[in-house]
Amino acid sequence: MTRSELREHIFKMLFQIEFNDETDMQEHLQYYLETLEGAKDQDKAYIQQKYRAVNSHTEEIDKLLNEAAKGWKTTRMGKVDLTILRLAVYEMKWDEDVPERVAINEAVELAKRFGGENSASFVNGVLGKLAKQES
């Protein structure tokens with residue numbers, strides 16, 4: 001699988017967190033990986049590892065998002081946009097294998113595919129602001 005395909009699967013798993021109890025998520029993750037067609041064991045391991053990594057940084061990520069997105073607290077953001085932003089911020093801050101520009105571009109592409117009409121520009125604006133703060 002390509003990195004973009006892997007990222008999409010991670011996004012889908014992270015999105016489920018918004019609608020399921022945390023205690024049930026391990027079972028959901030297991031089922032998702034078992035039914036994932038065309039994925040090699042290394043792909044499944046990557047998805048699982050990154051899902052857990054992003055999930056473990058959610059509190060820190062949300063704090064950064066709340067500071068960067070003026071007038072848009074995470075509690076007010078759409079679930080799709082929030083999930084995309086969490087994944088991208090994790091990649092920007094903690095994943096050394098993903099260049100910042102790639103993380104932003106991939107997040108915008110996910111927003112175009114899964115988000116609403118204004119999702120791509122919203123995601124791009126928030127991540128752009130975060131990127132500038134880091135410079």
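Which residue's backbone oxygen lies 3.0 Å from a polar atom of the side chain of T58? I looked this up and found that the oxygen belongs to N55. I use polar contact for a pair of N or O atoms within 3.5 Å; within protein, one must be able to donate a hydrogen and the other to accept it, and residues adjacent in sequence count only if both atoms are side-chain atoms.

**Ground rules**

I note that this is a predicted model, in which local features need pLDDT of at least 70 and side-chain atom pairs count only at pLDDT 80 or more, while totals for chains, interfaces and linings use all residues. Residues are numbered from 1 along each chain as its sequence is written, and side-chain values use heavy atoms, with hydrogens and water left out.

I placed T58 in helix α4, residues 58-68. Helices here are DSSP runs (H or I, at least four residues; strands are E, at least two), numbered from the N terminus. T58 has a relative accessible area of 18%, so I list T58 as buried. The classes are buried under 20% relative accessible area, exposed over 50%, and partly exposed in between, with a 1.4 Å probe and protein chains only.

I then checked how α4 sits against α3. Two packed helices are described by the angle between their axes and the distance between the axes. The axes of α3 and α4 come within 5 Å and cross at roughly 60°. I therefore call α3 oblique to α4. Axes are lines fitted to C-alpha atoms, for helices over the stretch in contact, and angles run from 0 to 180 degrees between N-to-C directions. Angles under 35 degrees count as roughly parallel, over 145 as roughly antiparallel, 65 to 115 as roughly perpendicular, and the rest as oblique.

On the α3 side I found V54, N55 and S56, which meet T58, E60 and I61 in α4. Contact means heavy atoms within 4.5 Å. By class, the contact of α3 with α4 has 2 nonpolar, 3 polar and 1 charged residues. For these classes, Ala, Val, Leu, Ile, Met, Phe, Trp, Tyr, Cys and Pro count as nonpolar, Asp, Glu, Lys and Arg as charged, and the others, Gly among them, as polar.

**Entry: α2 against α3**

I took helix α2 (residues 22-34) and helix α3 (residues 41-56) next; their axes come within 11 Å and cross at roughly 155°. That angle makes α2 roughly antiparallel to α3. The crossing of α2 past α3 is right-handed. A crossing is right-handed if the near helix is turned clockwise from the far one by less than a right angle, and left-handed if anticlockwise.

M25, Q26, L29 and L33 of α2 make the contact with K44, I47, Q48, Y51 and R52 of α3. I count this contact by class as 5 nonpolar, 2 polar and 2 charged residues.

**Entry: M25**

M25 is in helix α2, and I list M25 as buried at 3% relative accessibility. Which residues does M25 touch, not counting those up to four places away in sequence? I found M13, Q16, I17, N20 and Y51. I also looked at M25 and I61, which are 36 residues apart in sequence and 20 Å apart in space, C-alpha to C-alpha.

**Entry: α1 against α5**

The axes of helix α1 (residues 3-17) and helix α5 (residues 79-93) come within 9 Å and cross at roughly 125°. I therefore record α1 and α5 as oblique to each other. Their crossing is right-handed. From α1, R7, I10, F11, L14 and F15 meet K79, V80, T83, I84, L87 and E91 in α5. By class I have 7 nonpolar, 1 polar and 3 charged residues for the contact of α1 with α5.

T74 lies in the loop between α4 and α5. Is T74 buried or exposed? T74 is buried, with a relative accessible area of 10%. Leaving aside neighbours within four places in sequence, I found T74 in contact with D62, L65, N66 and L82.

T35 is in the loop between α2 and α3 and is partly exposed, at 42% relative accessible area. I found the T35 side chain reaching the backbone oxygen of Y31 at 3.0 Å. The backbone oxygen of Y32 lies 3.3 Å from a polar atom of the T35 side chain.

T2 is in the segment before α1, and I list T2 as partly exposed at 44% relative accessibility. T2 and I104 are 102 residues apart in sequence and 17 Å apart in space, C-alpha to C-alpha.
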